[in-house]
Amino acid sequence: MGSTSGLASAQAKQPLFSFGVISDVQYADIPDGYSFLGIPRYYQHSIHVLQRAVQKWNSHGKIKFVINFGDIVDGKCPLDESINAVKKVTSEFQKFNGPVYHLIGNHCLYNLPREKLLPLLQISSPDGHAYYDFSPSPEYRIVILDGYDISTIGWPQDNPKTSQALEFLKKKNPNSDKNSPEGMVGLERRFLMFNGAVGREQMEWLDSILQDATKLKQKVVVCCHLPLDPGVSCPEALLWNYEEVMNVIHQYNCVKVCLSGHDHKGGHSIDSHGVHHRSFEAALECPPGTDAYGCIDVYDDRWVLFGTDRLESTDMRFDP
């Protein structure tokens, strides 16, 4: 084999681009605690996971950008410390030598209303929405969804989106505590106050983005704090209207991967249309000395997630 063809095959293996991922840092300057299910949570250690992630991404040299999948600080953070806690975590993200794209999660919104949160995350939207898209290469489009578009948290109490969410929960969840799934069966257990939905305008926007990407022959990855497939998450963590969102996505062939956080144990599934779903293991649940972050190499026909420690590596292949 001549050296030129050897070089060509080596070059062919170069990814189109690589990016870093982390989810559910949920930092708070409080003692360690537990989730509702009794799983240990390491509120102070999680920022060290992020610090090590940023060091690793910077030393890699080829990480083009980072996506943070939401829940930057924990809901148990004392409210008078919320703004400083968010600034402390965002300042760690800013040490990355490149752009960082943030998603919003329920814990972010417990701490700060949208008008204060979004500027800190450098999400520029005149109407308080947190959905947007960008193209890291001509071949790919990355879509960031706002899973708390229709939600009881984050919007002012008199906002129609808040009343719409409250009405919806009243119909769907019979419990007085709307964060309790007691007595609810199967996928209905997702109708909880700490989840949310994608609203009609955002759905129309998503549809137009996927039309555009199809015309441009771009492949698309959809990112949402809330998982979009029951195979990748417990029912209690799913987006309220994940089926509607996936119905839009499945009308096109351009979406190859959906990424999410929120369900702290992480998971990987392939849906009926061949779309890969990957929810990420939470940085919050890393005992001291352990980590959960990763970097993804993006190719024309596959994504390779290199996970660190508790975040599992995953090979996602699809039709180009």
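Against which elements do the buried residues of α8 pack?

## Helix α8 and its surroundings

The model shown here is predicted. Within it, the buried residues of α8 pack against the helix α7 (200–215) and against β8 (219–224), β9 (255–260) and β11 (276–279). Helix α8 itself covers residues 242–250, and its buried residues are Y242, V245, M246, V248, I249 and H250.

An α-helix has 3.6 residues a turn, so residues three or four places apart point the same way.

## The aromatic pair F17 and Y140

Aromatic rings form 16 pairs in this model. In one of them, F17 and Y140, the ring centres lie 5.8 Å apart and the planes meet at 85°, so the pair is edge-to-face. This pair links distant parts of the chain, since F17 belongs to strand β1 (residues 17–22) and Y140 to strand β7 (residues 140–144), 123 residues apart.

Buried means under 20% relative accessible area, so F17, with 4%, is buried, and Y140, at 1%, also counts as buried.

## A second pair and a cluster

W57 and Y293 form another edge-to-face pair, with 6.1 Å from centre to centre and 80° between the planes. Here too distant parts of the chain are linked, with W57 in helix α2 (residues 46–60) and Y293 in strand β12 (residues 292–298), 236 residues apart. Both W57 and Y293 are buried.

Ring pairs also join F17, F19, F65, Y101, Y132, F134, Y140 and W303 into a cluster.

Conventions:
Residues are numbered from 1 along each chain as its sequence is written. This is a predicted model: local features need pLDDT of at least 70, side-chain atom pairs count only at pLDDT 80 or more; totals for chains, interfaces and linings use all residues. Side-chain values use heavy atoms; hydrogens and water are left out. Buried means under 20% relative accessible area, exposed over 50%, partly exposed in between (1.4 Å probe, protein chains only). Helices (H or I, at least four residues) and strands (E, at least two) are DSSP runs, numbered from the N terminus. Contact means heavy atoms within 4.5 Å. Rings of Phe, Tyr and Trp (its six-membered ring) pair if their centres lie within 6.5 Å; planes under 30 degrees apart count as stacked, over 60 as edge-to-face and the rest as tilted.
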